[in-house]
Amino acid sequence: MAGMLYLVPTPIGNLGDISTRCRETLEQADFIAAEDTRVSLKLLNHLGIKKSLVSYFEHNKTAKGDVIVQRILAGETCALVSDAGSPAISDPGEELVKQCAEAGITVCAIPGPCAVITALSISGQSTGRFCFEGFLSTAKKSRKEHLESLIGESRTMVFYEAPHKLVNTLEDMAAVFGADRPISLCRELTKLHEEVVRTTLGEAIEKYTETPPKGEFVLVLAGAPAIEKEKATPADAAARVAQLMEEGLSRKDAIKQTAKELDLPKNVVYDAALSE
Ligand code: SAM
């Protein structure tokens with residue numbers, strides 16, 4: 001019988017965030033696939049778990065993915081971990097999940113620490129609808145194209161960013177979205193120096209140009225404000241009713257349709273049509 005692939009999230013700072021289920025899965029797996037075996041070894045030592053580790057990272061993922069799939073098909077259970085947070089989210093794992101799914105292997109994702117969700121929930125921005133944009137490219141042209149593709153985006157946008165690129169990124173964002181756009185900069189989440197700066201792009205540029213940023217960041221950017229539709233006037237309503245009646249609609253139907261089209265109350269359209 002084939003084994004399984006478990007996606008095991010690990011703490012993004014605070015080691016206390018490892019769950020009982022994650023710990024048990026790591027203990028019970030036949031082997032652990034890790035982004036950086038040295039990083040994961042530290043965690044396993046902290047948890048008192050001894051287990052065989054194989055490396056699975058960006059530059060060996062295709063070849064290693066095949067080996068892992070074969071081992072699982074032969075009956076072994078693999079737990080996949082990344083350096084921190086949820087595997088497969090801006091981390092190696094996406095390909096392995098695809099390969100396993102294609103091979104008919106059951107994949108089980110254990111919920112747990114994830115920087116995007118932790119930042120979004122603490123950001124103070126709207127959380128009802130959001131999009132995760134991951135890391136921006138380091139190439140100027142594709143960064144610009146990526147940001148420009150988000151110009152009309154009304155959902156809250158979440159980005160991962162490295163501290164040494166932060167000011168550049170904020171400047172590129174301000175050029176596209178305007179310096180007044182609200183942003184929450186979530187730094188060192190779950191760690192000793194956790195900090196959330198809720199500000200605007202312009203103010204953030206000033207702050208981090210003065211004091212260079214340190215630590216890991218998630219940027220939570222407010223979506224574009226809704227554009228107020230220009231309200232139709234009673235004169236517009238009267239003109240539209242007259243036009244529809246000329247086209248053959250009864251006065252009652254013309255008023256009904258105009259009210260719907262112009263998003264006006266029926267009585268306003270009725271009064272406007274009568275006073276013409
Ligand atoms: N898969 C991981 C997850 O979803 O939590 C993210 C891995 S990605 C390679 C690393 C990025 O996540 C960092 O550059 C940073 O943007 C963000 N990040 C990770 N841990 C963080 C923390 N404690 N505080 C703020 N951002 C963090």
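**Charged patches and ligand contacts**

1. K252, K256, K260 and K266 form a positive surface patch. A patch joins like charges within 9 Å, using residues with over 30% relative accessible area and no salt bridge; a salt bridge is a side-chain nitrogen of Lys or Arg within 4 Å of a carboxyl oxygen of Asp or Glu. Accessible areas come from the Shrake-Rupley method with a 1.4 Å probe.

2. The model is predicted, with local features requiring pLDDT of at least 70 and side-chain atom pairs pLDDT 80 or more, while totals for chains, interfaces and linings use all residues. Residues are numbered from 1 along each chain, and side-chain values use heavy atoms, without hydrogens and water.

3. Helix α10 (residues 251-262) contributes the most to the positive patch, namely three residues. K256 is located in helix α10. Helices are DSSP runs (H or I, at least four residues) numbered from the N terminus.

4. A negative surface patch consists of D180, E203, E206 and E210. Of these, E203 lies in helix α8 (residues 201-210).

5. The ligand is surrounded by 19 residues, the closest being I89, D91, A115, Y160 and F217. A residue counts here if one of its heavy atoms lies within 4 Å.

6. A ligand nitrogen atom is 2.7 Å from a side-chain N or O atom of D91, and a ligand nitrogen atom is 3.4 Å from a side-chain N or O atom of E216. A ligand oxygen atom is 3.3 Å from a polar backbone atom of E161. On its own the ligand has 580 Å² of accessible area, of which the protein covers 91%.

Terms used: Patches are made of residues with over 30% relative accessible area and no salt bridge: like charges are joined within 9 Å, nonpolar side chains (Val, Leu, Ile, Met, Phe, Trp, Tyr) within 5 Å. Lys and Arg count as positive and Asp and Glu as negative; His and the chain ends are not counted. The place of a charge is taken as NZ of Lys, CZ of Arg, CG of Asp or CD of Glu. Helices (H or I, at least four residues) and strands (E, at least two) are DSSP runs, numbered from the N terminus. A polar contact is a pair of N or O atoms within 3.5 Å; within protein, one must be able to donate a hydrogen and the other to accept it, and residues adjacent in sequence count only if both atoms are side-chain atoms.
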